[in-house]
Amino acid sequence: MGNLLIVDDEPDILESLEEMFKYESGLDIDVYVAKSATNAVKLLEKIKFDVVMTDIKMPGMNGIDLFKLIKENWPKCRVIFLTGYRDFDNLYEISGYKDVRYLLKSEEDEVLISAVADAFEEIDKMMQSEMQESEHQSEIKKAQNVLRKNVMREFFHNTAAANVTQEELNRIKIPLRFDKDLFIFLLRADNFEENISFEEETEREVALCEIIEEFLPPRISYYLYYDINGYYLLFLQPVRFPEDSLSARTWMRLYTNLAGAMEYVQEKAFILFSISLSFVTCDERCRLRDGQSYLNRLKQEAADRIGNNVQRTIMAESAPLASGLLEDNAPVNLQLQVKRLEEALETKKFRDFMTRLQQLTDVLCVEDKKDTLKATELYYSIAILLLRYININHIKNKIGSDYPLDKLIYVEKHAGMREAANYLQAVAGAIADEMDAERKSRTNDVLEKVLLYIDNHLAEDLTLTRLAEISYLNASYLSRIFKQRYGCNITEYISNARLEKAKKLLTTTACKINEISVRVGYLTAPSFTRVFKKSVGISPVEYRDRYGEKNNDI
């Protein structure tokens with residue numbers, strides 16, 4: 001469904017065009033009208049229009065000025081000029097635009113309808129073309145990524161490949177320099193799947209790169225190298241710094257910023273793609289040629305120090321071969337994780353919520369073996385969050401009927417922390433199911449409200465924008481869920497509802513045809529008659545004669 005705006009200062013022509021496109025065109029569009037270019041601009045600022053059909057000669061702002069304003073502010077909108085005579089001067093003024101159409105008002109209705117239909121089809125093709133171009137660029141990026149991966153794999157695993165040059169790096173678009181210092185971080189995907197396909201791995205790598213770019217500090221270039229089994233090596237190189245300005249203090253400040261940025265990368269990767277990342281970081285000044293030795297060293301430290309499915313950010317000491325290289329007191333930031341859990345629950349992202357809860361309950365069982373007090377604190381943090389949500393949403397009776405809620409506030413009622421963790425997951429699952437059921441119920445209530453509004457306001461202008469306003473939904477979303485629920489689009493439903501009401505009025509009342517046409521939302525009786533005959537096969541008068549009730553009213 002799209003939006004058409006018709007602009008003309010002649011009321012009769014405006015009304016005629018509105019009738020034609022609303023009731024006779026067969027197009028699934030919403031039709032709006034404006035009596036002047038100034039009024040059209042006001043509508044354009046409120047509603048997204050796909051096509052504007054406008055007169056050229058109008059008092060005040062004319063059609064050409066309106067066209068220029070549209071091209072400046074809404075460049076994807078298509079414009080059709082409609083005029084009563086051939087104005088070649090104005091045609092010359094707009095001849096440089098390939099997507100403009102120029103029609104005479106004397107053209108047959110079919111020609112006008114065809115021009116508007118073509119304009120909407122052109123927009124659809126443009127959107128499809130843009131999507132295909134985006135996909136094409138994505139494929140190019142994937143191909144470049146494969147080339148880089150092959151070259152760098154040889155560099156890291158084949159000592160004979162030491163002849164990779166700066167020119168080669170430039171050619172395959174790796175923005176690093178051999179002769180400059182850089183940081184090397186190791187990333188590990190904690191939920192790595194061994195049977196993941198090459199295409200899936202490439203997509204995940206591209207996704208990670210986009211997230212890393214988002215949180216990198218200014219003047220940092222990077223390259224992400226994927227090794228095997230979920231391990232990545234991230235090179236981060238300061239750029240456009242004078243050599244003498246990278247003092248030890250500046251270097252450490254950059255390292256601190258980068259380590260902090262990695263926490264944001266962890267969070268977003270998990271929220272968007274359910275990728276659980278751990279980092280082993282190092283503040284040493286390195287060179288790209290050191291990558292192989294750092295890869296092996298940090299992989300060993302990750303294997304020794306990072307538990308399964310527990311996000312960690314672990315800082316390596318500067319001495320490359322020292323024993324006790326990694327800090328063992330860097331558990332997952334539980335307070336931050338509980339906060340993220342709460343955010344997912346409050347924003348009703350239940351899939352994310354359940355995944356985060358699973359991660360935290362795994363931590364809960366691990367911590368119970370090391371520090372019972374810390375495990376108990378984590379349990380109550382989660383329990384209070386769930387209990388508060390239950391109370392706020394008034395679902396205590398529904399959840400409590402299956403799960404005794406006193407166990408939320410008394411951890412000792414559980415046989416052990418594993419049972420407590422399972423209980424938290426069960427309660428959370430019940431909350432998610434209940435809220436999903438309520439969401440579906442609310443959606444049905446909204447759609448029923450829309451249907452009731454349509455049935456009670458058939459005489460009015462029932463645009464998708466208006467229905468979106470009364471339902472408090474986005475217009476596109478409303479259109480989509482309406483069709484999913486009822487199997488037809490809103491325009492079809494309104495048209496059928498108007499015809500059904502017209503049939504009822506024709507067969508049960510003595511109302512005149514022009515009165516019925518107004519009561520079912522048509523601007524004029526001729527327009528109503530044409531639509532009725534096209535849909536039913538006979539005119540309204542013939543329908544009344546054939547099916548009208550034989551009583552005193554008819």
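Is Glu469 buried, partly exposed or exposed, and what is its relative accessible area? The close-ups below take this up along with a few other charged residues.

This is a predicted model, where local features need pLDDT of at least 70, side-chain atom pairs count only at pLDDT 80 or more, and totals for chains, interfaces and linings use all residues. Residues are numbered from 1 along each chain as its sequence is written, and side-chain values use heavy atoms, leaving out hydrogens and water.

**View 1. Glu469 pairs with Arg466 in a salt bridge.** Their N to O distance is 3.2 Å; a salt bridge is a side-chain nitrogen of Lys or Arg within 4 Å of a carboxyl oxygen of Asp or Glu. Glu469 is partly exposed, with a relative accessible area of 48%, and Arg466 is also partly exposed, at 33%. (Buried means under 20% relative accessible area, exposed over 50%, and partly exposed in between, using a 1.4 Å probe and protein chains only.)

**View 2. Lys398 forms a salt bridge with Glu434.** Here the closest N and O atoms are 3.2 Å apart. The pair links distant parts of the chain, 36 residues apart: Lys398 sits in helix H13 (residues 396–400) and Glu434 in helix H15 (residues 417–456). Helices are DSSP runs (H or I, at least four residues), numbered from the N terminus. Lys398 is partly exposed at 46%, whereas Glu434 is buried at 18%.

**View 3. Lys125 meets Glu121 in a salt bridge.** Their closest N and O atoms lie 3.5 Å apart. The two residues are 4 residues apart in helix H5, so about one helical turn separates them.
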